[in-house]
Amino acid sequence: MRLTLTAALATVAASPAFAASGPFFSLRNTDFVVLLAFLLFIAVLFYFKVPSLLGGMLDQRAAGIKSELDEARKLREEAQTLLASYERKQKEVQEQADRIVAAAKEEATAAGAQARVDLEKSVARRMAAAADQIGSAEAAAIKEVRDQAAAIAVAAARDVIAKQMSAADGNALIDDAIAQVDAKLH
């Protein structure tokens, strides 16, 4: 097929040589010499199998391109798989982050409620402590007032008794007090 195509092409290319003047099949005709050189060149190319070498090289190049395309397709599929994997991981991480944020919000709400309860208990304890302090201060004040009143009453009674009592009455009271102490101790 290639040989026939090459011969037809050579004949068409040599057609201007037929238009030259003089005998065509003469070595003095430059067109004929050029045609012979061209045919010889084509024969040398076929003898050294240049068309098959060129075809083989083109086939090798096509095979190389095909293998590169296959490799690129595999790399693309791997990249898509990795992309899908990373997107899935990103989605999982985002869901985990959302869960962590929700848990943190719940913990903060619970901690706030617990702090409120603790604060109320602390305020109640402090109020009770303050009421106790007020009560004890009030009791201390009442006791102090009573003690003062008793001291004043004793002092007033001493003054009144001292003014009304004679020395003999005082000695009799002292003897009576000593007797009572002696009776109670023995």
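This report walks through the helices, surface and side-chain contacts of one protein model.

**Overall build**

The model is predicted, not determined by experiment. The protein holds 4 helices and 0 strands. Read from the N terminus, its elements run α-α-α-α. Of the 186 residues, 7% are buried. The accessible surface comes to about 16,100 Å². Carbon and sulfur atoms account for 65% of that surface.

**Helix α3**

Helix α3 covers residues 50–164. How does its span compare with what its 115 residues should give? At 1.5 Å a residue, α3 should span 171 Å. Its end C-alpha atoms are 163 Å apart, so the two values agree. Buried residues in α3 include Gly55, Ser85 and Ser122.

Helix α3 also holds a charged pair. Asp70 and Arg73 both lie in this helix. They are 3 residues apart, which is about one turn of the helix. Asp70 forms a salt bridge with Arg73. The closest N and O atoms of the pair are 3.0 Å apart. That is within the 4 Å cut-off for a salt bridge. Side chains of opposite charge can pair when their charged atoms come close. The count for the structure comes to 1 salt bridge. Asp70 is partly exposed, at 31% relative accessible area. Arg73 is partly exposed too, at 47%.

**Helix α2 and its end**

Helix α2 covers residues 30–47, and Tyr47 belongs to it. The UniProt record, an unreviewed entry, places a "transmembrane region" at residues 29–48. In the model, that stretch is 90% helix and 0% strand.

A nonpolar patch on the surface is formed by Leu40, Val44, Tyr47 and Phe48. Together these residues have about 480 Å² of accessible area.

A search of the whole structure finds 1 aromatic pair. It joins Tyr47 and Phe48, whose ring centres are 5.1 Å apart. Why is the pair called edge-to-face? The ring planes stand at 80°, and planes over 60 degrees apart count as edge-to-face.

Next comes Lys49, in the loop between α2 and α3. Its phi is near 55°. That is a positive value in a residue other than glycine. Most residues other than glycine have a negative phi.

**Exposure of the named side chains**

Is Tyr47 buried or exposed? Tyr47 is exposed, with a relative accessible area of 65%. Phe48 is exposed as well, at 53%, and so is Lys49, at 55%. Each of these values is over the 50% cut-off for an exposed residue.

| Residue | Relative accessible area | Class |
|---|---|---|
| Tyr47 | 65% | exposed |
| Phe48 | 53% | exposed |
| Lys49 | 55% | exposed |
| Asp70 | 31% | partly exposed |
| Arg73 | 47% | partly exposed |

Methods: Residues are numbered from 1 along each chain as its sequence is written. This is a predicted model: local features need pLDDT of at least 70, side-chain atom pairs count only at pLDDT 80 or more; totals for chains, interfaces and linings use all residues. Side-chain values use heavy atoms; hydrogens and water are left out. Helices (H or I, at least four residues) and strands (E, at least two) are DSSP runs, numbered from the N terminus. Buried means under 20% relative accessible area, exposed over 50%, partly exposed in between (1.4 Å probe, protein chains only). Accessible areas come from the Shrake-Rupley method with a 1.4 Å probe; for residues, only the protein chains shown count as cover. Patches are made of residues with over 30% relative accessible area and no salt bridge: like charges are joined within 9 Å, nonpolar side chains (Val, Leu, Ile, Met, Phe, Trp, Tyr) within 5 Å. A salt bridge is a side-chain nitrogen of Lys or Arg within 4 Å of a carboxyl oxygen of Asp or Glu. UniProt positions are given in the numbering used here, feature names are shortened, and annotations may be inferred rather than shown by experiment. Rings of Phe, Tyr and Trp (its six-membered ring) pair if their centres lie within 6.5 Å; planes under 30 degrees apart count as stacked, over 60 as edge-to-face and the rest as tilted. The expected span of a helix is 1.5 Å times one less than its number of residues.
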